[in-house]
Each structure stands twice: as structure tokens, then as C-alpha cells.
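Me: I'd like to understand where the labels for this structure come from. Can we go through them one by one?

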Amino acid sequence: MTDKNEAENYSSRHLPDYLIIGTQKGGSTSLYNYLIKHPDILPSSKKELHFFDKMENYKKGMGWYQKQFSFPISSNQKKITGEATPNYLSDSLAPKRIARDLPKTTKFIVLLRNPIDRAYSNYQMNVKRGLEQCSFEEAIVNNEKRLKDKFSHITRTHKKHGADQWVYPYITRGVYIKQLKTWMKLFSKNQFLILKSEDLFSKPQKVVNRAIKFLELDENKLNLEMFDIYHKGKYSDEMSQKTRNILVDYYRPYNQSLEKLLDMKFNWDH
């Protein structure tokens with residue numbers, strides 16, 4: 001594990017200037033790949049380093065982490081680097097580790113997607129990978145006890161599949177207000193750029209320009225002709241309207257609190 005002295009030694013060296021910290025299934029892969037096409041943004045060894053959320057990586061120490069980034073040969077070059085591990089946002093240990101180990105100037109980009117669409121996309125990804133055998137309704141009942149009464153018509157299958165369900169927190173990952181409050185207790189609010197995933201999907205150039213400006217680079221240096229959506233999901237079936245309506249009601253108070261905290265509208269009540 002990284003100790004305090006090692007963190008202090010590395011804080012004066014060139015560590016990532018920014019992290020894309022969330023959310024899972026929110027478009028972080030697309031945004032990361034757009035950003036590293038900017039001539040002044042250097043990529044990490046891979047998009048998701050999972051350093052601060054996975055103990056097997058974290059215990060390798062900051063020396064290992066720093067080796068995952070490229071840095072300019074000359075200090076006169078205005079270059080930055082970063083990584084994108086969307087699990088950081090909801091992880092219980094990542095915020096404190098990052099606060100201790102990275103410079104106070106580190107910037108955080110957060111993509112927030114309609115939590116209902118995020119949950120369904122997460123579920124479909126696991127189905128495609130062969131990790132999920134339940135229906136979506138069964139999976140979220142097992143995942144969130146407070147939804148059990150709402151889905152009382154569902155035949156419970158948790159005795160067969162339930163052990164795996166807690167590994168996939170489809171519902172709780174979308175309660176962004178709790179996650180961001182944890183982060184904002186440790187970092188200044190101006191260190192965060194909060195973006196709507198829906199805007200990235202519909203207006204990619206505008207969103208990418210916002211991110212580049214936030215990173216204090218020249219947005220005019222990047223004009224992409226194509227904005228492919230990476231890892232775009234294709235579903236064999238769609239969520240029922242009844243299920244969506246229940247989840248709209250479930251998330252409404254959390255989303256209202258989120259809008260108040262961030263002073264921005266998400267319009268996810270549909």
C-alpha cells in the first residue's frame with residue numbers, strides 16, 4: 001500500500017493532471033478517446049488503470065502508477081496526461097486515496113447518465129458477457145431491497161443467482177448525490193467538471209470542447225470529423241414502461257438533490 005512518505009515524494013513529480021472518474025456506462029471510453037486525440041494530451045498505458053480502487057494494483061505503489069503515463073521530454077512543452085477509471089466515482093476507498101496521493105491541482109471529469117439507462121446498460125453488458133442470468137427486474141430486486149414491494153409480481157430467483165447479484169450494483173451506482181458528496185468533502189468544487197452523458201452522445205464536439213477548456217488547453221487544436229460512440233450497447237429487448245416508471249419514482253428524490261447540489265438540470269424524470 002502507498003504510505004504517506006512515498007505519496008509526498010511523488011507529489012512533486014509529474015502525475016496525472018486529470019482523471020475521468022465516472023460513471024460506469026456513462027461514455028467515459030468515448031470521452032477519453034476523443035481527448036487523447038488532442039495534440040497536447042498524452043495517453044496513459046491504457047484507459048482504465050484501476051489503481052485507486054483495486055488493492056492488487058494499489059499495493060504496487062505510486063512508482064508503478066507513474067510508469068503508466070507518458071510525459072514530455074522537455075519541460076517547455078505544454079502537455080498533460082490522465083486516465084479514465086469510471087469505477088472511482090462509486091468506490092468507497094478511491095476518493096481518500098486520491099486525496100492523499102495526488103497533487104491538489106488534479107482535475108476530475110464526471111460524466112453522469114440517466115441512472116435508469118445506466119443501470120439497464122450495465123445489466124445488458126453483463127448479460128452479453130454471460131455474467132447475468134436473471135431478468136432485469138429480478139436483478140434489481142435482488143440489488144435493492146426497497147424495490148421488492150414494487151416488483152412483488154416477480155418470481156424471485158435469488159436462491160439460484162443471488163450470490164452474484166450483489167457484485168453488480170445496478171441501482172446504487174446511479175445514486176450520484178451520495179457519491180459526489182463524498183468526493184466534494186475532500187476536494188474543491190472547482191476541481192470538478194460535471195457533464196451529462198446525453199450531451200456527449202448528442203453534441204460530442206461541444207462537450208469535448210468544454211472538457212478541453214476545463215483542462216486549460218486550446219480547444220481549437222482538436223476538430224474531429226467523426227465521433228464514434230465506443231462500446232455502444234445493442235439490446236435484444238427494451239425495458240418495460242412499467243419498470244421505467246417505478247425507477248423514475250425511485251430516483252426522483254436523489255436526482256432532485258443532485259440538481260440542487262450542482263445547480264444544473266438533468267431532466268431525467270422520464
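Me: What makes up the confidence picture for the protein chain?
Reply: pLDDT is the predictor's confidence in each residue, from 0 to 100. The protein chain averages 86, and 82% of the residues score at least 70. Over residues 4-12 the pLDDT is below 50, and this stretch has 11 contacts (heavy atoms within 4.5 Å) beyond near neighbours in sequence. Residues 155-167 are also below 50, with 19 such contacts in the model. This is a predicted model, where local features need pLDDT of at least 70 and side-chain atom pairs count only at 80 or more, while totals for chains, interfaces and linings use all residues. Residues are numbered from 1 along each chain as its sequence is written, and side-chain values use heavy atoms, leaving out hydrogens and water.

Me: Why is Phe52 called buried?
Reply: Buried means under 20% relative accessible area, exposed over 50%, and partly exposed in between, using a 1.4 Å probe and protein chains only. Phe52 has 0% relative accessibility, so Phe52 counts as buried. Tyr58 is at 0% too, so Tyr58 gets that label as well.

Me: Why is the pair of Tyr65 and Phe69 called edge-to-face?
Reply: Rings of Phe, Tyr and Trp (its six-membered ring) pair if their centres lie within 6.5 Å; planes under 30 degrees apart are stacked, over 60 edge-to-face, and the rest tilted. Tyr65 and Phe69 have ring centres 5.1 Å apart and planes at 85°, so the pair is edge-to-face. Both Tyr65 and Phe69 are buried.

Me: And what is the pair of Phe52 and Tyr58 called?
Reply: That one is tilted, with 6.1 Å centre to centre and 50° between the planes. Phe52, Tyr58, Tyr65 and Phe69 are among the members of one aromatic cluster, which also includes Trp64.

Me: What lies over the face of Tyr58?
Reply: Arg97 does, at 4.3 Å from the ring centre. The rule wants NZ of Lys or CZ of Arg within 6 Å of the ring centre and within 35 degrees of the ring normal. Lys107 lies over the face of Phe214 in the same way, at 4.9 Å.

Me: How do you know that strand S1 and strand S4 pair?
Reply: Strands (E, at least two residues) and helices (H or I, at least four) are DSSP runs numbered from the N terminus, and two strands pair if DSSP finds at least two bridges between them. S1 (residues 18-22) and S4 (residues 107-112) have four bridges, in the parallel sense, and Gly22 has Val110 as its bridge partner in S4.
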